[in-house]
Amino acid sequence: MSAPADFNDRMLSLGLARVSEAAAMASARLIGRGDEQAADQAAVNAMRAQLNRLDIQGVVVIGEGERDEAPMLYIGEQVGTGNGPPVDIALDPLEGTTLTAKDMPNALTVIAMGPRGSMLHAPDVYMDKLAVGPGYPAGVVTLDMSPAERVRALAAARGCSPANITVCALERPRHEQMITELRRTDCAIRLITDGDVAGVMHCAEESTGIDMYMGLGGAPEGVLAAAALKCMGGQMFGRLVFRNREEWGRAAQAGITNPDRIYTRDDMVTGDVIFAATGVTDGSILSGIRREVGTLTAETILMRSKTGSVRRMTYRNPRQATDDGVSGR
Ligand code: VTB
């Protein structure tokens with residue numbers, strides 16, 4: 001058997017880009033139509049159809065929920081032709097269904113692939129997340145620091161004042177105290193309504209102006225964000241948050257033994273990974289789907305952790321402007 005780190009990632013990466021492109025193309029006709037579910041389903045169908053064309057023995061480890069509640073791309077679903085390397089797949093066919101339905105910025109389709117057993121099987125609970133971009137000493141900020149301490153530590157490492165630090169966080173009542181504390185440091189806060197995979201990725205792209213991401217969001221999205229940062233560079237930490245016994249029970253079932261464990265980026269994604277995301281609505285990392293008469297154009301970011309390579313690809317397709325985007329021969 002080949003070493004677990006070698007899963008033909010170089011060849012598979014273009015296929016992965018096709019998968020995320022197809023999902024974005026399919027959800028394009030549902031941008032701004034107020035129907036989250038339809039947008040999600042279109043993305044799921046297209047992603048699944050393309051995934052099943054890849055020569056992999058794929059298993060979805062981060063997906064659209066449990067088998068009973070998700071008709072497709074549920075956790076444990078096998079995808080691919082069955083010929084090829086055994087791989088784990090983490091996906092979110094539409095990260096930001098509300099953003100898509102309301103035509104708000106930063107909706108993405110996201111997918112990551114690594115060798116079997118290389119990704120944390122995160123249950124669908126919250127994760128307390130903290131991320132910074134590349135170039136800082138290890139542990140420059142930690143989950144154990146208070147939000148204000150993190151801002152001061154990052155500012156010191158950057159050689160600037162806290163006023164020059166921008167933090168990104170989900171705008172939620174559960175973050176009120178954190179935001180009040182952050183405000184006292186004089187830092188800037190970019191509040192987002194949804195989509196914290198993009199939120200974390202912002203930290204690794206200087207042009208977004210975001211220095212640090214923090215707060216509670218979905219644990220599955222945390223693993224996807226860790227995969228992205230593993231390719232782009234940067235640090236990420238996550239601690240699962242259980243609101244009740246039922247949530248902890250689900251985590252235990254997924255194999256989690258220590259409820260207080262702090263996962264680093266490399267604990268969440270232990271092997272080499274490839275990652276693709278395609279913009280659905282315009283955002284600070286990717287342009288959204290552009291519709292022109294007769295064509296749809298999509299922008300995809302395609303990355304490999306082994307090499308740290310980051311590609312941006314523009315894909316124009318004349319056919320999918322008229323059909324449902326699931327095709328593609
Ligand atoms: C989080 C976040 C996602 O939805 O899961 C959020 O990680 C749900 O949080 O990026 P709430 O329970 O507070 O709504 C997203 O923002 C979008 O799926």
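Before we click anything, one term: two residues are in contact, or touch, when they have heavy atoms within 4.5 Å of each other. Keep in mind too that this is a predicted model.

**Stop 1: a tyrosine and its neighbours**

Select Y213. Leaving out residues up to four places away in sequence, Y213 touches K129, L130, A131, C168, A169, L170, I192, D196, G199, V200 and C203.

**Stop 2**

Time to colour by domain. The domain assignment gives domain 1 as 9–119 + 273–322 and domain 2 as 126–268. Notice that domain 1 is written as two stretches of the chain. How far apart are the C-alpha centres of the two domains? They lie 23 Å apart. Where the domains meet, 24 residues of domain 1 are in contact with 21 residues of domain 2.

**Stop 3: the ligand**

Show the ligand and select what is around it: E95, Y126, K129, L170, R172, R174, D194, G195, D196, G217, G218 and E221.

- Y126: an N or O atom of its side chain is 2.4 Å from an oxygen atom of the ligand.
- R174: here the distance from a side-chain N or O atom to a ligand oxygen is 2.6 Å.
- D194: for this side chain, the distance to a ligand oxygen is 2.9 Å.

How much of the ligand does the protein cover? On its own the ligand has 420 Å² of accessible area, and the protein covers 74% of that.

**Stop 4: a valine in strand 4**

Select residues 108–115 for strand 4, then pick out V110. Buried or exposed? V110 counts as buried because its relative accessibility is 0%. Beyond its neighbours within four places in sequence, V110 is in contact with M47, A90, L91, D92, E95, V197, L224, F275, A276 and A277.

**Stop 5: a threonine in strand 13**

Jump to residues 295–304, which form strand 13, and find T300 there. T300 is buried, since its relative accessible area is 0%. Look for its partner T278: a polar contact of 2.8 Å joins the two side chains. With neighbours within four places in sequence set aside, the residues in contact with T300 are A17, S20, E21, A276, A277, T278, L286, R311, R312 and M313.

**Stop 6: an aspartate in a loop**

Next, D211, in the loop between helix 6 (196–202) and strand 8 (212–218). Show side chains and you can pick out a polar contact of 2.7 Å between D211 and R158. A polar atom of the D211 side chain also lies 2.7 Å from the backbone nitrogen of T166.

**Stop 7: the ends of helix 8**

Select residues 245–253, helix 8. At its start, a side-chain oxygen of N244 comes to within 3.2 Å of the backbone nitrogen of E246. Just after the helix, G255 has a positive phi of about 100°.

**Last stop: two asparagines**

Finish with N8 and N106. N8 sits in the segment before helix 1 (9–28), and its phi is positive, about 65°, although it is not a glycine. N106 is in the loop between helix 3 (97–101) and strand 4, and its phi is positive as well, near 80°. How exposed is each? N8 is partly exposed, at 39% relative accessibility, whereas N106 is buried, at 13%.

Methods: Residues numbered from 1 in each chain as written. Predicted model: local features only at pLDDT ≥ 70, side-chain atom pairs only at ≥ 80, totals over all residues. Heavy atoms only, no water. Near = heavy atom within 4 Å. Polar contact = N/O pair within 3.5 Å; in protein donor to acceptor, adjacent residues only side chain to side chain. Areas by Shrake-Rupley, 256 points an atom, 1.4 Å probe, with all protein chains shown as cover. Helix = DSSP H or I, 4+ residues; strand = E, 2+ residues; numbered from the N terminus. Buried < 20%, exposed > 50% of the residue type's maximum accessible area, 1.4 Å probe, protein only. Domains from an automatic or database assignment.
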